[in-house]
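Here are my notes for you on this one. Keep the picture open while you read, and click on each residue as it comes up.

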Amino acid sequence: MIITAIKPYAVWVGIRNQLLVKVETDEGIFGWGESGLSGREKAVVGAIEHYREWLIGKNPFDIGMIWQALYRSQYFEGGRVLQAAISAIDIALHDIKGKALGVPVYELLGGKQRDRIPTFATTSAEPGPEMIEQAKMLIAAGWNCMRLSPSGHGSSEIYEPREHIGTTAKWMVKAREELGEDVVLGIDYHHRLSVAEAASFCQKMPSGTLDFLEEPIRDETPEAYESLRTLTDIPFAIGEEFASKWQFLPYIERGIHQFNRIDVCNVGGLTESMKIAGWSEAHYVDLMPHNPLGPICTAATVHFAAAVANFSWLETRASPAEAHILGFDNSDFFPVQPRLENACYPVSDAPGLGVEVNEDLVQQQSFKFWQAPMLRRRDGSVTNW
Ligand SMILES: [Mg+2]
């Protein structure tokens with residue numbers, strides 16, 4: 001079997017652009033992958049087009065060799081754009097191999113270690129009574145792990161971190177009081193704080209209020225996270241932007257974080273994810289994968305989650321707490337896809353990823369330019385989105 005075509009589709013699907021990648025073979029078997037560099041899809045399409053020239057004619061079963069060749073056979077290796085391209089290709093090759101062998105992708109990763117994949121959900125209301133009501137609704141619907149909302153994160157122009165810390169901390173404490181000790185509570189700060197601001201936030205809550213703090217600060221400097229580590233006892237959940245095992249290296253080896261927010265569509269696909277999973281297992285770091293994209297990402301991550309030992313929860317954006325903003329029905333685009341059952345994703349036993357894509361409909365869509373908010377502080381300076 002050889003690869004005969006690689007087709008990237010960066011198209012608007014309901015609520016956002018998705019970068020879907022189809023890899024075709026001479027035997028009629030094809031695979032689908034997805035890239036996760038949201039907002040910069042066109043750059044990734046360009047990288048895929050470069051890779052396509054070498055990939056056509058190669059054996060799609062040689063997944064490990066292809067990963068190494070795409071990474072190492074260039075002088076300027078790695079980075080988020082190239083790794084997002086490699087991720088989609090790697091996932092599509094696993095889909096092809098599973099279909100060709102008649103086995104689900106988890107069988108290619110060592111076999112299934114769990115039958116269903118627990119998820120965590122995210123509240124969408126600003127901190128306040130409605131946020132707590134959403135959390136109670138999620139508990140009633142079967143979730144025992146969730147991310148609560150930080151104040152001000154819907155801002156599109158001005159974001160002043162200190163104006164939101166007190167309110168957010170106060171409502172985290174109220175949420176813990178009302179929701180009880182058993183539910184797992186976290187918050188995603190979307191790397192909007194400095195070390196000092198993150199410390200102020202953490203220190204405004206009694207120990208035990210939150211079970212995880214996601215991305216309080218930017219991740220370029222592990223030493224900054226180590227500094228914050230000395231100022232709070234809340235476990236950290238980080239890594240969704242990481243684009244290789246080497247970016248995880250200092251965090252895992254220095255014991256900085258406790259949950260890996262690994263993103264299979266950015267980190268280098270399933271091949272790279274399995275290496276990071278094993279490395280994390282040795283350091284007792286749990287996997288809490290990032291999953292904000294479409295059904296290809298979800299399906300690939302479900303197979304990954306099924307095949308690793310050190311798994312906690314998979315992110316889902318399909319909960320009732322986000323239905324009013326994200327509740328686009330994509331069944332026409334993806335007639336077969338993972339669907340939640342009681343806050344868990346069942347593990348598909350279909351060959352490959354177990355997702356069907358309506359390519360005709362995908363081809364009818366176009367790319368829509370989207371730019372993340374360019375947030376400013378009140379003094380006019382630029383701050384993190
Ligand atoms: Mg996050």
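The points below go from the overall layout down to single residues.

1. Before anything else, remember that you're looking at a predicted model. The protein is split into domain 1 (3-103) and domain 2 (107-351). Their C-alpha centres sit 26 Å apart.

2. Now look at where the two domains meet. On one side, 30 residues of domain 1 are in contact with 23 residues of domain 2. The domain 1 side gets at least two residues from each of strand 2, strand 3, helix 2 (63-72) and helix 3.

3. Next, find the open sheet made of three strands, which come in the order 1-2-3 with antiparallel pairing. Strand 1 (3-13) and strand 3 (30-35) are at the edges with a single partner strand each, so one side of each has no neighbour in the sheet. On average, neighbouring strands here are turned by 20 degrees against each other, if you ignore direction.

4. Zoom in on one pair from that sheet. Strand 1 and strand 2 (residues 16-25) run antiparallel and are joined by 10 bridges. Which residue of strand 2 is the bridge partner of Ala 5? That would be Glu 24.

5. Helix 1 (residues 41-55) lies across strand 1, strand 2 and strand 3, and runs at about 170 degrees to strand 1. Helix 3 lies across strand 2 and strand 3, at about 150 degrees to strand 3.

6. What about the inside? As a rule, nonpolar side chains in soluble globular proteins tend to be buried together. In this model the largest nonpolar core has 103 residues, and Val 21, Ala 85 and Ala 88 have the most contacts inside it. Helix 3 (residues 80-101) gives the most to this core, namely 10 residues. Because domain 1 and domain 2 both give residues to the core, it lies between them.

7. Leaving out residues up to four places away in sequence, Ala 88 touches Leu 19, Val 21, Gly 33, Glu 34, Ser 35, Ile 48 and Cys 265.

8. Move on to a run of parallel strands. Strand 4 (residues 116-122) pairs with strand 5 (residues 145-148) in the parallel sense over two bridges, and Ala 121 stands opposite Met 146 in strand 5.

9. Last stop: Ala 135, in helix 5. Is Ala 135 buried or exposed? The cut-off for buried is 20 or more other C-beta atoms within 10 Å. Ala 135 has 24 of them, so it counts as buried. Not counting residues up to four places away in sequence, Ala 135 touches Thr 123, Met 146, Leu 148, Ala 175 and Leu 179. For a sense of how the chain folds back, Ala 135 and Val 183 are 48 residues apart in sequence and 9.8 Å apart in space, C-alpha to C-alpha.

Methods. Residues numbered from 1 in each chain as written. Predicted model: local features only at pLDDT ≥ 70, side-chain atom pairs only at ≥ 80, totals over all residues. Pairing = 2+ DSSP bridges. Helix = DSSP H or I, 4+ residues; strand = E, 2+ residues; numbered from the N terminus. Core = buried A, V, L, I, M, F, W, Y, C linked by C-beta atoms within 7 Å. Buried ≥ 20, exposed ≤ 12 C-beta atoms within 10 Å, placed from the backbone. Domains from an automatic or database assignment. Contact = placed C-beta atoms within 7 Å. Axes fitted to C-alpha atoms, helices over the stretch in contact; angles between N-to-C directions.
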